[in-house]
Amino acid sequence: MGLRPPHFADAFGNPSGVDFFEVVAENYLGTGPVPAANLETARSLRPVALHGVSLDLLGTDPLDLDHVRRVGALAERLGSPCFSDHLCWTRLDSWRSHDLLPTPFTEEIADHAAARAEIVQGLLSVPFGIENLSSYAAFSGSTLTEWEFYRRVVDGARVWRMLDINNIFVSARNHDFDPRDYLESVDWDRVLYVHLAGHHIRPDGLRIDTHDAPVCEEVWDLYQDAWTLGGPFPTVIEWDDNLPSWARLVEEATSARRHRGSVLPGVARIASVAA
Amino acid sequence: MNALRDFQARWRSSTSAPLRFPSPGRAEVPEGDYDGRLLSEIAESRGVDASARLGAYRLQYWFRLVTLLQKDFPLVGHVLGWEDFNPLASRYLLEHPATEVLDRLGDSFPGWIRVHGTSSAAAEAARVDLAWNQAFSAPELRSPSAEDLGRLGSGEIGLRLQPAVRILSATRDWFPLRVSILQEEPVPVGLPKPLRSAWTVSRTGSTLRAEPVDPLLAAFLRDLRRRPWMDALERLAGTHPEATGSIPEWFARGLALGWWGVEGA
């Protein structure tokens with residue numbers, strides 16, 4: 001479960017129904033003792049995976065190696081199973097977008113990101129996973145599909161995938177591709193875990209990755225397809241805005257179990273190996 | 001990667017350009033002010049054109065930052081109302097763009113409101129909001145143990161004011177209102193009751209509390225931020241000898257409220 005501060009008391013009081021927590025690493029790199037104490041409590045209850053939002057893999061500023069080292073130290077202190085961040089850019093010179101921004105998908109840019117990701121993995125003692133982005137703009141200069149681009153980065157850096165099913169769906173709707181083509185391209189042995197979240201549909205039809213709503217039926221369907229192709233894999237529910245109660249979040253996790261319950265994990269992968 | 005960097009520079013200028021506020025509470029992405037080359041690079045599909053797609057990022061950029069200021073400055077929002085707060089916050093952000101550490105995004109907001117705002121109450125509310133935020137996120141020195149207190153005169157350890165203790169003066173009792181807003185309780189319309197005083201905001205564990213304090217105590221605490229305990233005591237005895245009789249009470253009060261921290265072995 002993605003763990004957010006408003007849920008600390010309820011989550012710590014009753015963590016049943018949750019196998020591990022995922023927290024936003026940047027929120028725990030400061031010197032304030034209150035976040036650190038909460039993180040210690042979380043760790044005492046469940047494993048804590050670290051998820052980042054500012055690595056800037058597609059950026060052109062130098063990598064912030066001090067940031068990576070601090071994340072690595074936090075991961076070691078917590079005994080985290082892994083660290084993940086996004087395939088995006090977030091800054092330019094002194095400007096910080098505080099958003100996850102896309103680029104065109106080209107071989108040159110993929111190789112640039114892979115080289116940066118390889119450096120990151122080299123500084124960490126835990127597996128580093130790259131999350132696929134949801135995006136609202138695609139570029140005429142792209143020479144690769146998004147899934148070819150993603151795979152080239154992960155393979156080039158010899159790192160892992162942190163696969164966001166909702167992001168695949170949002171981008172597929174925004175850019176008119178079949179999300180199942182994306183899933184077919186995934187090397188499931190390299191998936192650390194998957195994300196599920198809700199999103200918003202604007203009046204003009206553009207889908208925005210808001211994490212402020214329940215997972216929609218179409219994403220649940222895609223999740224079942226992913227499970228068929230590559231399961232079993234751990235699953236994290238992300239919910240960041242319009243936060244419901246902790247109990248409602250646990251219901252969403254239960255719903256994930258229910259949706260995959262009727263589907264044999266990895267049957268497509270097994271079938272392909274058998275063939 | 002020069003081409004990628006050029007692309008990113010075009011993106012930055014397009015998506016961080018300010019929004020328009022045609023009426024209170026209504027933010028709009030102005031039409032026609034995007035980089036033409038960037039627009040031509042964005043593919044159109046499903047009937048959503050390049051401007052609308054860039055506009056989604058631009059709205060997100062401003063929404064995220066303004067929302068963060070809303071969260072950090074709830075008293076200012078209460079004083080001004082969000083319809084006036086949002087354009088004001090956007091103007092501030094144009095002059096103080098987001099930095100690496102979002103926790104510090106509003107550090108200059110109180111001073112900026114004092115100069116550019118129209119409400120002295122909002123400026124004071126901003127100082128209170130900032131003190132509250134800083135008290136929450138400040139690092140913590142070790143609290144003195146009974147053994148530490150017995151060694152205070154030895155020079156082996158130094159008593160310091162905890163970084164979380166914030167000292168400010170205010171003309172109103174803002175703090176119950178802030179707690180009510182944070183706890184999403186119904187809050188009264190209007191400003192809190194007048195109560196001119198010096199105040200401390202301090203933290204015990206994860207709990208924050210605000211206390212009105214004697215102005216002399218506030219001055220002493222400010223001095224403790226700059227110099228060791230014994231030096232501050234000497235200065236107080238020199239400038240306000242009548243206050244030295246209050247020291248034992250102040251010390252005990254500080255112990256109860258977690259004001260003191262220890263540096264040294």
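This is a predicted model: local features need pLDDT of at least 70, side-chain atom pairs count only at pLDDT 80 or more; totals for chains, interfaces and linings use all residues.

Modeller: Residues are numbered from 1 along each chain as its sequence is written, while chains are lettered from A and ligands numbered from 1 in the order in which they are written.

Colleague: What pLDDT does chain B average?
Modeller: Chain B averages 90, and 98% of the residues score at least 70; pLDDT is the predictor's confidence in each residue, from 0 to 100. Helices (H or I, at least four residues) and strands (E, at least two) are DSSP runs, numbered from the N terminus. The model also scores ipTM 0.93 and pTM 0.90.

Colleague: Why is Ser97(A) called buried?
Modeller: A residue is buried if 20 or more other C-beta atoms lie within 10 Å of its own, exposed if 12 or fewer, and partly exposed in between, with C-beta atoms placed from the backbone. Ser97(A) has 24 C-beta neighbours inside 10 Å, so it counts as buried. Ser97(A) sits in strand 5 of chain A.

Colleague: Which residues does Ser97(A) touch, not counting those up to four places away in sequence?
Modeller: Those are Thr90(A), Arg91(A) and Tyr61(B). Contact here is defined by C-beta atoms, placed from the backbone, that lie within 7 Å.

Colleague: What makes up the side of chain A that touches chain B?
Modeller: In total, 29 residues of chain A are in contact with 37 residues of chain B. The elements of chain A that give two or more residues to that side are helix 2 (33-45), strand 4 (89-92), strand 5 (95-101) and helix 4 (107-123). Strand 5 of chain A gives the most, with six residues. By class, that side of chain A has 13 nonpolar, 12 polar and four charged residues; Ala, Val, Leu, Ile, Met, Phe, Trp, Tyr, Cys and Pro count as nonpolar, Asp, Glu, Lys and Arg as charged, and the others, Gly among them, as polar.

Colleague: Why do strand 4 and strand 6 of chain B count as edges?
Modeller: Three strands of chain B form an open, antiparallel sheet in the order 4-5-6. Strand 4 (166-172) and strand 6 (207-213) of chain B each have a single partner strand, so one side of each is left without a neighbour in the sheet.

Colleague: Why is Arg209(B) called partly exposed?
Modeller: Arg209(B) has 14 other C-beta atoms within 10 Å, so it is partly exposed. Arg209(B) lies in strand 6 of chain B. Its C-alpha atom is separated by 8.2 Å from that of Phe175(B), 34 residues apart along the chain.

Terms used: Two residues are in contact if their C-beta atoms, placed from the backbone, lie within 7 Å. Two strands pair if DSSP finds at least two bridges between them.
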